[in-house]
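Open the model in your viewer and keep the selection panel at hand.

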Amino acid sequence: MTADLFAPLELRGIEIPNRVMVSPMCQYSCEGRDGLPTDWHHTHLVSRAVGGAGLVMTEATAVEARGRITPHDLGIWSDTHADALAEITASIRENGSVPGIQLAHAGRKASKTRPWEGSDPLTGDEGWETVAPSAVPWPYEDGETAVRELSIEDIDGVIQSFVAAAERAREAGFGVAEIHAAHGYLLHEFLSPVTNHREDDYGGDFEGRTRLLREIAREIRAVWPDENPLFVRISATDWLDDRESWTVEDSIRLADDLAPLGVDLIDVSAGGVHPDQHIPSTGPGYQERYARRIKQESSEDVAVGAVGGITTADQADALIRNGRGDLAIVGREHLRDPYFALHAARELDRLDADGIEIPIQYDRAF
């Protein structure tokens, strides 16, 4: 039987009640520089659970302090962070959704001001050291900032930071963990030949450039509960056709490598590694083509999530019904409409369908 947007998705021992996922979206709203969630994060995430989304994913959550994009990013590099996040996961569950966390490290794109403050490099005591696979800085309009190439010892430390973050996420009550390997951040920087110029075991050919992500996935799977799914977000393409770069064919091969390591879903996005990227289009579902190719051409049985320009109920439902993806990952539309999933259920005439619970908040709103 063909699944639709409101069919549950079973991954390992977790049942996601429908196929709508809240995409990780940075809020840049932590107070001070401690990376702790605030009332803003609680409201932002829990309101989307109240709004009916099956899976609610946090923003990129830094596994170490230097892995933040800005000083105001969410973090999970200490037990204090995990304790604070536990209150949010409990509220998400109470409202019928599965809480997920995206584990991230910004790499060379770290130590910046917030977007509405210009996304400029932080200077002096305000900033911190940025690291990358190679000493290739992120190009800024007003010059370039220094970046340090990670040593083998440093790489071991990064792996342990991801593992420790996953352990804390488990204790905080998250049902899904996602490794962020997209958008030009640290793990994507290792994947792409645009940013990885290493000549050791973590660079060079495809095997070398994917080694760190594979090792992190393997190590996280060892501490992440067997019944809980593990996702990986990737940029399916660098959108750089005029130079050697990461391609959709590489992404299909990577999916085949990650699935045997215990990765259950590939969250398919694109771009972000270089400002010269050429985006073919930004229309509705403009990145679905990449998710479809990975789902159809991967030799492994791995689920796929599609993101990018998903804004309507019919569009999200068609994505699932036509087998182009297993999750409709909705970002900006969830900012415009926290009740996107409930509104979609109404538009698709699924409010009275078997197995769909209607929160009392919906009856109050309509």
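In which hand of crossing, left-handed or right-handed, does α1 pass α2? The crossing of α1 past α2 is right-handed. Keep in mind throughout that this is a predicted model.

**Stop 1: α1 and α2**

Select residues 39-50 for helix α1 and residues 79-94 for helix α2. Their axes come within 9 Å and cross at roughly 20 degrees. Angles under 35 degrees count as roughly parallel, so α1 is roughly parallel to α2. Now show side chains. From α1, pick H41, H42, L45, V46 and A49. They meet E87, I88, S91 and I92 of α2. Colour this contact by class: five residues are nonpolar, three polar and one charged.

**Stop 2: α6 and α7**

Move on to helix α6, residues 248-258, and helix α7, residues 288-297. Here the axes come within 9 Å and cross at roughly 45 degrees. That angle makes α6 oblique to α7. The crossing of α6 past α7 is right-handed. On the α6 side, select V248, E249, S251, I252 and A255. On the α7 side, select Y290, R293, I294 and E297, which they meet. By class, the contact of α6 with α7 holds five nonpolar, one polar and three charged residues.

**Stop 3: salt bridges**

How many salt bridges does a search of the whole structure find? The search finds 24. Visit three of them in turn.

Begin with R168 and D79. Their side chains meet in a salt bridge, 3.2 Å from N to O. R168 sits in helix α3 (residues 152-172) and D79 in helix α2, so look for a link between distant parts of the chain, 89 residues apart. Check the surface at D79: this residue is exposed, with a relative accessible area of 52%.

Next, select E149 and R198. These two form a salt bridge whose closest N and O atoms are 4.0 Å apart. E149 belongs to strand β9 (residues 148-149), while R198 is in the loop between α4 (186-191) and α5 (206-223), so the bridge ties together parts that are 49 residues apart in sequence. R198 counts as buried, at 6%.

R243 is partly exposed, with a relative accessible area of 32%.

Now select E64, R66, E129, R148 and D154 together. Salt bridges that share partners join these residues into one network.

**Stop 4: S281**

Finish at S281, in the loop between β12 and α7. S281 counts as partly exposed, at 32% relative accessibility. Which residues does S281 touch, leaving aside those up to four places away in sequence? Select Y286 and R289 to see them.

Terms used
Residues are numbered from 1 along each chain as its sequence is written. This is a predicted model: local features need pLDDT of at least 70, side-chain atom pairs count only at pLDDT 80 or more; totals for chains, interfaces and linings use all residues. Side-chain values use heavy atoms; hydrogens and water are left out. Axes are lines fitted to C-alpha atoms, for helices over the stretch in contact, and angles run from 0 to 180 degrees between N-to-C directions. Helices (H or I, at least four residues) and strands (E, at least two) are DSSP runs, numbered from the N terminus. Angles under 35 degrees count as roughly parallel, over 145 as roughly antiparallel, 65 to 115 as roughly perpendicular and the rest as oblique. A crossing is left-handed if the near helix is turned anticlockwise from the far one by less than a right angle, and right-handed if clockwise. Contact means heavy atoms within 4.5 Å. Ala, Val, Leu, Ile, Met, Phe, Trp, Tyr, Cys and Pro count as nonpolar, Asp, Glu, Lys and Arg as charged, and the others, Gly among them, as polar. Buried means under 20% relative accessible area, exposed over 50%, partly exposed in between (1.4 Å probe, protein chains only).
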